[in-house]
Amino acid sequence: MRVLVTGGAGFIGANFVHQTVRDRPDARVTVLDALTYAGDRASLDGVADRVELVEGSITDGPLVDRLVGESDLVVHFAAESHNDNSLADPTPFVQTNLVGTFTLLEAVRRHDVRFHHISTDEVYGDLPLDSPERFTPGTPYNPSSPYSATKAGSDLLVRAWVRSFGVRATLSNCSNNYGPYQHIEKFIPRQITNLIDGVRPRLYGAGANVRDWIHVEDHNTAVWHVVEKGQVGETYLIGADGEASNLDVVRTLLEIFGRDPDDFDHVSDRPGHDLRYAIDASRLRTELGWAPRYTDFREGLEATVAWYRAHEPWWRPAKAATEARYARTNQ
């Protein structure tokens, strides 16, 4: 199988590439990545001899058309994905998440190539903190940031191309990922790398916001289940029943580092900060037979801490610039 992975040098995409090369030795993998700050060639170290890396944008029509025409499957991870950045400048989010997805859809339509679209639970907005409710594929979209709005738009494009043009596509909306190769601007790796440096973690507001955490390896095994067993045109929600407040995450990390669980600083909450996400992944489990490996969130965090300790040369070059950017907004 010839697999084109967009955004394959980013966090989730790079982990998908590593996993695919490891578990599917007959697959021929091509990565298309713009190699912006969130994409890194070094994230593909160890599999570079098994992967073709093409530097380019998913908005580049001729390039996308050529690569899609050489593929049997496109797995579309490429996205601008950081909420804080979308609030500062929504422009690249519109270009990548909407125009880029449109460009890919037109290419897979021309070449009749199987397509899987990776999305987020943030398209559904948020849930009350004290509620048994969880997101399902039928939950109405209610995005609250430029990031989640453009991801919602990209989902709707995929659904329209399935219905209007018969594109062979599936979609998945996943909860918050953590694990190796995640950029240190993100919540968990930022706290881990601060703790490695002896810096107190920083917590938005009271830290009451709840996320449904899933290890990136579990996300990617679920993606393969959808690609191989899912019904064209259908949406599958991916989650591992990993709800935890930001405060709980910080305190767990402090305990892993042997620090006092209250040894952190509060910073101003960000605008439009969603309260709670929670995924109902029962369809994925019952229909497609998927189950997560990391059912113990602390175990997954400990493995992630160990990875960042062992891979300082990967994250260290971006650390100072990331913290300087946060300092300008007192975060």
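Helices H6 and H11 are roughly perpendicular to each other, a label given to angles of 65 to 115 degrees, with angles under 35 degrees counting as roughly parallel, over 145 as roughly antiparallel and the rest as oblique. The model is a predicted one, in which local features need pLDDT of at least 70, side-chain atom pairs count only at pLDDT 80 or more, and totals for chains, interfaces and linings use all residues. Residues are numbered from 1 along each chain as its sequence is written, and side-chain values use heavy atoms, leaving out hydrogens and water.

The axes of H6 (residues 187–196) and H11 (residues 312–327) come within 11 Å and cross at roughly 105°. Axes are lines fitted to C-alpha atoms, for helices over the stretch in contact, and angles run from 0 to 180 degrees between N-to-C directions. Helices (H or I, at least four residues) and strands (E, at least two) are DSSP runs, numbered from the N terminus. From H6, Arg190, Thr193, Asn194 and Ile196 meet Trp315, Lys319, Glu323 and Tyr326 of H11. These contact residues comprise three nonpolar, two polar and three charged. Here Ala, Val, Leu, Ile, Met, Phe, Trp, Tyr, Cys and Pro count as nonpolar, Asp, Glu, Lys and Arg as charged, and the others, Gly among them, as polar.

An open sheet is built from seven strands in the order S3-S2-S1-S4-S5-S6-S11, with parallel pairing. Two strands pair if DSSP finds at least two bridges between them. S3 (51–55) and S11 stand at the edges with a single partner strand each, so one side of each lacks a neighbour in the sheet. Direction ignored, neighbouring strands are turned by 20° against each other on average. Within the sheet, S4 (residues 73–76) and S5 (residues 114–120) pair in the parallel sense over four bridges. Leu73 stands opposite Arg114 in S5. Four bridges also join S6 to S11, again in parallel. There, Asn173 stands opposite Leu237 in S11.

H1 (residues 11–23) lies across S1 (2–6), S2 (28–33), S3 and S4, and runs at about 170° to S2. H7 (residues 216–229) lies across S1, S4, S5, S6 (169–174) and S11, and runs at about 140° to S5.

Buried means under 20% relative accessible area, exposed over 50%, and partly exposed in between (1.4 Å probe, protein chains only). Thr235 belongs to S11 (residues 235–238). Its relative accessible area is 6%, so Thr235 is buried. Beyond neighbours within four places in sequence, Thr235 is in contact (heavy atoms within 4.5 Å) with Tyr124, Pro137, Arg159, Leu171, Asn173 and Arg283. Its side chain makes a polar contact with the side chain of Arg159 (3.4 Å). A polar contact is a pair of N or O atoms within 3.5 Å; within protein, one must be able to donate a hydrogen and the other to accept it, and residues adjacent in sequence count only if both atoms are side-chain atoms.

H8 (residues 246–256) has as its buried residues Asn246, Leu247, Val249, Val250, Thr252, Leu253 and Leu254. They pack against H6, S8 (202–204), S9 (210–212), S12 and H10 (297–310). Gly258, with a positive phi near 75°, follows H8.

Most residues other than glycine have a negative phi. Leu35, not a glycine, has a positive phi of about 55°. Leu35 is found in the loop between S2 and S3. Asp241 likewise has a positive phi of about 55°, and is placed in the loop between S11 and S12 (243–245).
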